[in-house]
Amino acid sequence: MNTAIEVLRDGTVSYFSVFKAVPAVDTATLALVANFPIDLPRKIQVNGKPVALPAEFDGKIHVFNGTAQSLQLESDGKLVTLKGNFHLLIQDNRKWSNECVIRIGTTPYAGMISDASLRLNIQVTSPRAAAIDFKNVFNMGFLDEKADDGQGGWTDQGPNNDLRMLKPGTLSMLGIKFKIENPARNNGKSSLILSSGQNGKFPAEKVINIGPAAEDLCYLYLLHASAWLPEKNSPVGVIYAEFRDGSSAEFPVVAGRDVGNWWHPFNLSNGTVAWTGENENAVVGLYLSQFRLGNTPKKLTFKSTVENDSVWMIVGGVLGDRKLELNRIETPTFISAGNDWLPLEFTGYTAKGSPLDFSFLLDAPAGKYGPVTVNEAGHFSFRDAPGKRVRFFGPNLVGTANFLSRKTADDFVAKAVRLGYNSVRFHHFENDLLDRSADDSLTFNPAALDQFCYLFAELKKHGIYLCIDLYASRALKPGDNIAEREGGKFGAFAFEMKNLVNLSPSAMANWKEFARRLLTYRNPYTGLTFAEDPALYALNLVNENPLQLIWDNHPIFPPLYQEKYIEFLKEKKLDIPENRVMRGGLFIEFLNDIQCRCIEEQKRFLRDELKLNALITDINMTSKYTLNDVRKKLDFADNHQYWDHPSFPAGEWVWPYMFACTSSIGRKAYAPRKLMPVRIFGKPYTVTEFNFCNPNPYRAECAPLMGGYAALQDWDGLYRFAWSHNRQAMETPGPANQFDIVNDPQAQMAERIIGLLFLRQYVSTTEEAFAFTYTPEQIRAIRETPYNAGEYPKEFSELGLFCRIGTLGPESVFTGVQKVDTFGKNWQNQLPDSSRKALSELEKTGRITSANGEITLDSKGKSLMIVTPKAEVLTSSGNTAGKLLKIVNGSRYQTVALLSLDGEDLTASRKMLLFQISNLAGSRQKFTNARRNMVLSWGKLPLLLEKCTAEIELELPDLKVEALKLDGSPNGIIPSAYENGKLRFTADTASRPGGVMVYLLTR
């Protein structure tokens, strides 16, 4: 690829790129790609004609797909124009994320490409504007060292409440540039502070003469704020404009419309928060307001008109030629305690024996029934108790969270037990197990190994089973002597062993040696090696390693795979030039073949040489039917899925973190629906990584979606990602982040709901079961690349909202499961009437009820209802009703879950829990915008709980209602009324200081 970029005299950018490939590459799309939030590209024109994105997603993905000579759009107040001759695709991506994608294709842009090019002329134009010079009228600085001395800066409230964090320079928004004066260069003055009160501390008015400026600059853009604000709709001040023709006009500046308080600012109709910062006392900000003057003024007078202590603070002003779309400004916003959020009291502990102590779900010690096995029904059981089925539920420990002091280890075990976890996954533990001074990645650190062994033993003692990955991220070193790695440069997240173990005998030998050293080590606290310990029930060979996704993720790998691919073609007698460059079904078959060979050797080594007891899995990510031929070689299938995993617009794991902040229910339960087809009937199925990531405002959906549908599908394991990524967060409380729940009580309450729905099987499974199937010929006929091929049909995954679904290969059958060929048209005709009707209803109305009648999803209403004898769980906003539980006037999007605690049906239970799950955040959690979809900081303690109310109505016998603290201890009786066989009370997260998320109901 060669690229030439030149800036022409008129400011146009000339862009020209040439792409060459020998041999030609079968290409789906070669294009420049830009991803925008769905509401960001404005006033799109293609070839001079408007192209509009619909306000709501209408199912049409391609908004424009064709040849273009020009593309014009408005972004951040600037007009961007691209001219050339190119293929243009404008794609509405709301089917997958809240984005619009624009692709500008080369010529040619698809097919077998050996030579392609793209030539563009790019122009960016800004509004006409002229800055107003306030320099001579500024009377205060930003920094104030002493309160109430009439000197220094800002509102004269001292060093804990000034604006020192506002830096001099240029503040740009919507194409308008405000000059932030440097007080060091202006006698300490950088702001105009006006007041008609304050005992004359500040002037009431100031006049500015406007120098020569262009005509028709008819708008005044003002960067300002107020303190000690008067009543809403009262004037803070007035702007007098005098014009060159002798006319004048007056423009009131109104509180709550044009300007607001600089503390905890929020957007107004003509006052958008344009800048925010933090001082010691509060989140503070400045507003951008605009006033249509009519023409360019020659003089402006700014006057405070309130006869009290109200203060009007002005930092800058600009004259411009157009009305700005103020709602397009994205400025940092914060979450703070106040009208919508309250400080939460959370210690992280659960009181022993309290209603929130779920230790009754465990059966200690782990391994008491011998190694975990797979029974004839395809589920986990035990060698010495084959009739005893077991499901697993727990968290991931990541990185240094696997290496804890005795005190911290004991603390974690106690917390895990009382949350009802019966399993833990040790993940990304390898690097912290190693001696970092060694020249290889095989030498263990004795102290770390001892910590690892102690934690394992304590978890085992308390009834918690373990699973691990033998490779997740171990950083290879020169002393490992892996020949194929030499000469390559690998980044921190390269994880090159995932490919090398399939390609390199020396990499395979290294993988085996690490496995040997770990699994044959005798744990001094159990007396057993890890290989023989029945508490280690499962082992994953290599984390997140499907070759179909990763085979070309580093330049050194494609030539190595191509060499082996040619050998594969020769062996199959298919070695022709066309096949050598094809990356469709035949290449997928090759990748599966090489991965299966690798897995078979790894399994042989573990079973025959190390005598491993644990069950073996692999290929633990992505939902593709093209991977089934690999997964069926394993003892059980495993998978990962996140709802709203962060993306990184500024670079991997660099702030800000971006989130879609959309509802999974609104996407027909995309999580966990996407996971459902992958299960192989006759084998257990686990999900060792799932999460509904903070700060998604809909993450109250997590417990009913994951717990409810995992039980309906009859899965075998769920693992939250993660408890913690480091031991520091386990030792010192802090704000919740995108993944970790160690300091996230909202997620920890959700775990109890999942535990009862899934582990205690409060949701039953269905008799109906259907399997996706395929033939080798259908795989070989695939034309897409491995990365793009193999997606299950959406309608088949939607069948999982009705009944059990999974996959069976061409030769496989399983009792009670009907195989379905979805490759033909009208494949739904193979289904019985009840299944077809359910899918038809979902397509028409967005509603579907499971075959057992226990789960009803309404995607259009963003609501989910679980109704079983022992549980009723409602997720919605507003009004929702189950059979016994009814919510009226729900003030926020929330999950309310009524669950039997004594195992009896709700109608007979004498002890129940009612959870009210709303949102949670850190104090001063910081976002780039008001949509709160781009995080700049997780904030600090105390945690904040979203204020949320709902009127609860229960068609049950009279009950005592008691609020619980987050540790499960009593927090006071809640007033209730019982009339006509119905109990009524108000659930209110703010009903007690420190917050309420759960109630105990007894009789």
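Leaving out neighbours within four places in sequence, Thr 296 is in contact (heavy atoms within 4.5 Å) with Ala 213, Ala 214, Glu 215, Asp 216, Leu 217, Phe 243, Arg 244 and Leu 319. This is a predicted model: local features need pLDDT of at least 70, side-chain atom pairs count only at pLDDT 80 or more, and totals for chains, interfaces and linings use all residues. Residues are numbered from 1 along each chain as its sequence is written, and side-chain values use heavy atoms, without hydrogens and water.

Thr 296 sits in the loop between strand E19 (283-292) and strand E20 (297-304); strands are DSSP runs of at least two residues, helices (H or I) of at least four, numbered from the N terminus. Thr 296 is buried, at 3% relative accessible area; buried means under 20% with a 1.4 Å probe, protein chains only. A polar atom of its side chain lies close to two backbone nitrogens, as tabulated.

| Backbone nitrogen | Distance to a polar side-chain atom of Thr 296 |
|---|---|
| Asp 216 | 3.4 Å |
| Leu 217 | 3.0 Å |

Now the cores. A nonpolar core joins buried Ala, Val, Leu, Ile, Met, Phe, Trp, Tyr and Cys residues through side-chain atoms within 4.5 Å. The largest has 185 residues; Phe 426, Trp 511, Leu 519 and Leu 606 touch the most other members. Helix H9 (residues 585-609) gives the most to this core, eleven residues. A second, separate core of 63 residues includes Ile 132, Cys 218, Leu 268 and Met 313.

Trp 511 also has contacts beyond four places in sequence, among them Leu 470, Met 497, Phe 605 and Leu 606.

How values were computed. Buried < 20%, exposed > 50% of the residue type's maximum accessible area, 1.4 Å probe, protein only. Polar contact = N/O pair within 3.5 Å; in protein donor to acceptor, adjacent residues only side chain to side chain.
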